[in-house]
Amino acid sequence: MKAFEVVLHHVEEEIFNGHLRVGSVLPAERSLAVDLGVSRTAVREAMRTLQAQGIIESAVGAGSTGGTRISGEHGWALTNLMRMHVALELFPAADVLSTRVLLEKHSVAAAIARGTTEDFDEVATILEAMSSADTSLRRFNELDTEFHAAIAQIAGNQLIRGLTIAVRESIARDVRGAAAHDMDLPAFRQMVINQHAGILSAMRLGETERAQELMSEHLTWRWSSLLSP
């Protein structure tokens, strides 16, 4: 292995064996270099790689507030990784879509089983914001993501929530891009809102199969509307 890979392997093994957990502070650069028999340059290269992967985060400061520690925020890194692989066609977009359908159908069922009236009211608030005439196209797209993430959050599986966001973002195109397909954007936005409302209504009523069916239809329709050549 190259010198920086020795450092990467060491940190990975420490994570796998449970010695490093979220929030754990890594040894100082000098200490790692001495312990692993590599240069400090190799340690810095490994740290940059781990930071790009979302595994670690660094903070300036003394004592418990400073240093390099294992990050607790990995969602953005997973999203970026998925997006790049799909862009390179390592994962066909159609495969990513079918995976998203499976994830979100599971989330719908689990959310119906676990959700409260207050939970669904919070989802309704997102839908109301999407319906506002003052909501920009970019914000509309962000709220669309929040709608689906909120359902996964209610479902109670944080891994599925993270994967749902990552998979969605990996094939998502900004709603503004729909203009390239000569689409009626106001009508498109209203269709998204109507479909979300139907999903939420079925969830409130506890109609699991119906909610899953509507979710599957929504995702497939959105795919064909925005990603078809």
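Biologist: Which helices are included in what covers the buried residues of H6?

Modeller: This is a predicted model, in which local features need pLDDT of at least 70 and side-chain atom pairs count only at pLDDT 80 or more, while totals for chains, interfaces and linings use all residues. Residues are numbered from 1 along each chain as its sequence is written, and side-chain values use heavy atoms, with hydrogens and water left out. Helices here are DSSP runs of H or I with at least four residues, numbered from the N terminus, and contact means heavy atoms within 4.5 Å. The cover over the buried residues of H6 includes helix H5 (93-114), helix H7 (137-155) and helix H9 (185-204).

Biologist: Why do the buried residues of H6 line one face of the helix?

Modeller: Buried means under 20% relative accessible area, exposed over 50% and partly exposed in between, with a 1.4 Å probe and protein chains only; in H6 the buried residues are Phe120, Val123, Ala124, Ile126, Leu127 and Met130. Glu118, Glu122 and Glu128 are exposed on the other side of H6. Seen down the axis of H6, the buried residues line one face because they fall, by the directions from the helix axis to the C-beta atoms, within an arc of 155 degrees.

Biologist: Is Phe147 buried or exposed?

Modeller: Phe147 belongs to helix H7, and, leaving out residues up to four places away in sequence, Phe147 touches Val123, Ile126 and His196. Phe147 and Leu127 stand 20 residues apart in sequence and 7.2 Å apart in space, C-alpha to C-alpha. With a relative accessibility of 0%, Phe147 counts as buried.

Biologist: How many nonpolar, polar and charged residues does the contact of H5 with H8 have?

Modeller: H5 packs with helix H8 (residues 158-171) at an angle of about 145 degrees, the axes being 9 Å apart, where axes are lines fitted to C-alpha atoms over the stretch in contact and angles run from 0 to 180 degrees between N-to-C directions. Among the residues that meet are Leu97, Arg100 and Leu103 in H5 and Leu163, Val167 and Arg168 in H8. Counting Ala, Val, Leu, Ile, Met, Phe, Trp, Tyr, Cys and Pro as nonpolar, Asp, Glu, Lys and Arg as charged, and the others, Gly among them, as polar, the contact has 8 nonpolar, 4 polar and 3 charged residues.

Biologist: Which residues is Gln212 in contact with, leaving aside its neighbours within four places in sequence?

Modeller: Gln212 lies in helix H10 (residues 208-227) and is buried, with a relative accessible area of 18%. Apart from neighbours within four places in sequence, the contacts of Gln212 are Lys105, His106, Val108 and Ala109.

How values were computed:
Helices (H or I, at least four residues) and strands (E, at least two) are DSSP runs, numbered from the N terminus.
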